[in-house]
Amino acid sequence: MKIQGNNNSIQSKKKPNGGITMKNATKFVALLVLLFTLSISAQTLTVTTGTATLDGVISGGEYTSTPLVTTLGVTLYAMDDGENLYLAATWDDATENVDKKQWSFDGAAWDQSGDEDRLALMFDMGQNDPEGVNCSAMCHLPFMNTSVGKVDVWHWKGHRGNPMGFADDKYFDNVIGGDGGRHGDSGTSTYSDNDDDGSGNPTFMATNDPGANVNFLVNDAAAQTAFDPYGTILPAHTVDIGVTFDLGATFTSGDVIPGYVLRIPGGNRADVMSAGKWDNGTWTVEFKRKNSGSEYDFAVPSGGTVDFVHEIFDNVGHDHWMDGVDGTVYTLDFSNIVSVNGQSGDQLPETYALSQNYPNPFNPITSISYAIPQNSYVSLKVFDVLGNEVQNLVNEKQDAGNYTVTFNANGITSGIYFYQLETENFVTTKKMVLMK
């Protein structure tokens, strides 16, 4: 019997007489207990009005409602500005694991091992059978799938997505495929595998000879420019462009090469932006996604609710996915949120905020959202790296509220640009990348 869960599987070992070992029998019983003790009582996280900054920090004025602490000890926060949903999660983790499938050299040969911290959030997309959103707890036998409908999955990965500023956007359904009922949304993910080249060596190494001992590999200069868009990864880690492994390169015992090559995602796989920061034994991960839904994504219901479950993985040990399942069904309450551009009454923001542009990198159009808690003169300008003004997007008196403007970079060369929001009482600047 094979149980699939996340990216790992457990194959029960049989004794010569066909019996199951005591160790695996214990695991199986534990899994059955989990299956039959999934909580049917929902706990609610109320979504408040406002705009968050994706920087891996829960700042003052962000996420103003009471946070929700899950059974697994993850603290969750939620905000919505009428166009975008912001979620944040924090949890204790003594070590930062970002070395999944890392290649290491022992002086004679290469071998792959290593762990990766991960968090998964899974949202109901209208299942009407008794299983409800419990389907997304990844406990189905024999496949990881739902019996009806779809489940929207935001899979944040400390090594494979976080450095590029995205969570891997997936879904579960009742269509059995090579990976059970789990599928990636259409488009390109944030990574490709740095697999064995067929001779026991990595396929790629870092550009700088001998190409060892960097934390992350990217597949081209554009991805290197887009690396760590929210400033949560560097300078604690190193990154280099991957090149074909050189059999003539010299390596010494202890040298390492990352197990993945990172790239800029595209299509629906790039819908969920994220910024994760590990600091002094705590992970803080922030998410941002448009309220609008699709065939792959749940839509934020104005004034309604959405059920969800979550999982967390420290990726330590073979059975990490079993330890990381939280069977409790939680609820996002959008009763105070109207998914429209205009705001009134209790939907007005409580603090000034400038969001990261979306998409980023972009070509040639991107959106910039900001919030002002009181009537004010507003200036929003774009500058190049030399400080020259490129475009004046807003220059007027505006009422308190949440706003989104479009920046069209037609006729402007690729590169790094800055956009600055300035009011009578507030000024802040953010970076964006134009890639043509």
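Reader: In this predicted model, does F123 count as buried or exposed, and at what relative accessibility?
Author: Buried means under 20% relative accessible area. F123 falls under that cut-off and therefore counts as buried, its relative accessibility being 1%.

Reader: What about W154: buried or exposed, and at what relative accessibility?
Author: The cut-off for buried is again under 20%. W154 counts as buried because its relative accessibility is 0%.

Reader: How many aromatic pairs are found in the whole structure, and how are the planes of Y63 and Y77 set?
Author: A search of the whole structure gives 21 aromatic pairs. In the pair of Y63 and Y77 the ring centres are 5.8 Å apart and the planes stand at 50 degrees. Planes under 30 degrees apart would count as stacked and over 60 as edge-to-face, so the pair of Y63 and Y77 is tilted.

Reader: How many residues apart in sequence are the parts that Y63 and Y77 tie together?
Author: Y63 lies in the loop between β4 (48-49) and β5 (68-69), while Y77 belongs to strand β6 (residues 75-80). Both Y63 and Y77 are buried. The pair therefore ties together parts whose separation in sequence is 14 residues.

Reader: How are the ring planes of F123 and W154 set?
Author: The ring centres of F123 and W154 are 4.8 Å apart, with the planes at 55 degrees. That angle makes the pair of F123 and W154 tilted.

Reader: Which strands hold F123 and W154, and how many residues apart in sequence are the parts they tie together?
Author: F123 is in strand β10 (residues 118-124) and W154 is in strand β11 (residues 151-157). The pair thus ties together parts with a separation in sequence of 31 residues.

Reader: Which residues are linked with F123 and W154 into a cluster by ring pairs?
Author: The cluster contains F123 and W154.

Reader: How far from the ring centre of F298 is R289?
Author: R289 lies over the face of F298, and its distance from the ring centre is 4.7 Å.

Reader: Over which ring does the charged end of R160 sit?
Author: The charged end of R160 is 5.2 Å from the centre of the ring in question. That ring belongs to Y191.

Reader: In the hairpin of β28 and β29, which residue takes a positive phi?
Author: Strand β28 (residues 376-384) pairs with strand β29 (residues 389-398) in the antiparallel sense over eight bridges. Among these partners, K381 is bridged to N392 in β29. Four residues stand between the strands, and the one with a positive phi near 90 degrees is G387.

Reader: Where is V385 found, and does it count as buried or exposed?
Author: V385 is in the loop between β28 and β29. With L386 and F418, V385 forms a nonpolar patch on the surface, with about 310 Å² of accessible area together. Exposed means over 50% relative accessible area, and at 56% V385 therefore counts as exposed.

Reader: Which strands stand at the edges of the open sheet of three strands?
Author: The order in this sheet is β26-β27-β30, with antiparallel pairing. Each edge strand has a single partner strand, so one side of each is left without a neighbour in the sheet; these strands are β26 (353-354) and β30 (401-408).

Reader: In β30, which residue is the bridge partner of Y370?
Author: Strand β27 (residues 365-372) pairs with β30 in the antiparallel sense over eight bridges. For Y370, the bridge partner in β30 is Y403.

Technical notes
Residues numbered from 1 in each chain as written. Predicted model: local features only at pLDDT ≥ 70, side-chain atom pairs only at ≥ 80, totals over all residues. Heavy atoms only, no water. Pairing = 2+ DSSP bridges. Helix = DSSP H or I, 4+ residues; strand = E, 2+ residues; numbered from the N terminus. Phe/Tyr/Trp six-rings, centres within 6.5 Å; stacked < 30°, edge-to-face > 60°. Buried < 20%, exposed > 50% of the residue type's maximum accessible area, 1.4 Å probe, protein only. Lys NZ or Arg CZ within 6 Å of the ring centre and 35° of its normal. Patch = residues over 30% accessible without salt bridge, like charges linked within 9 Å, V, L, I, M, F, W, Y side chains within 5 Å. Areas by Shrake-Rupley, 256 points an atom, 1.4 Å probe, with all protein chains shown as cover. Salt bridge = Lys/Arg side-chain N within 4 Å of Asp/Glu carboxyl O.
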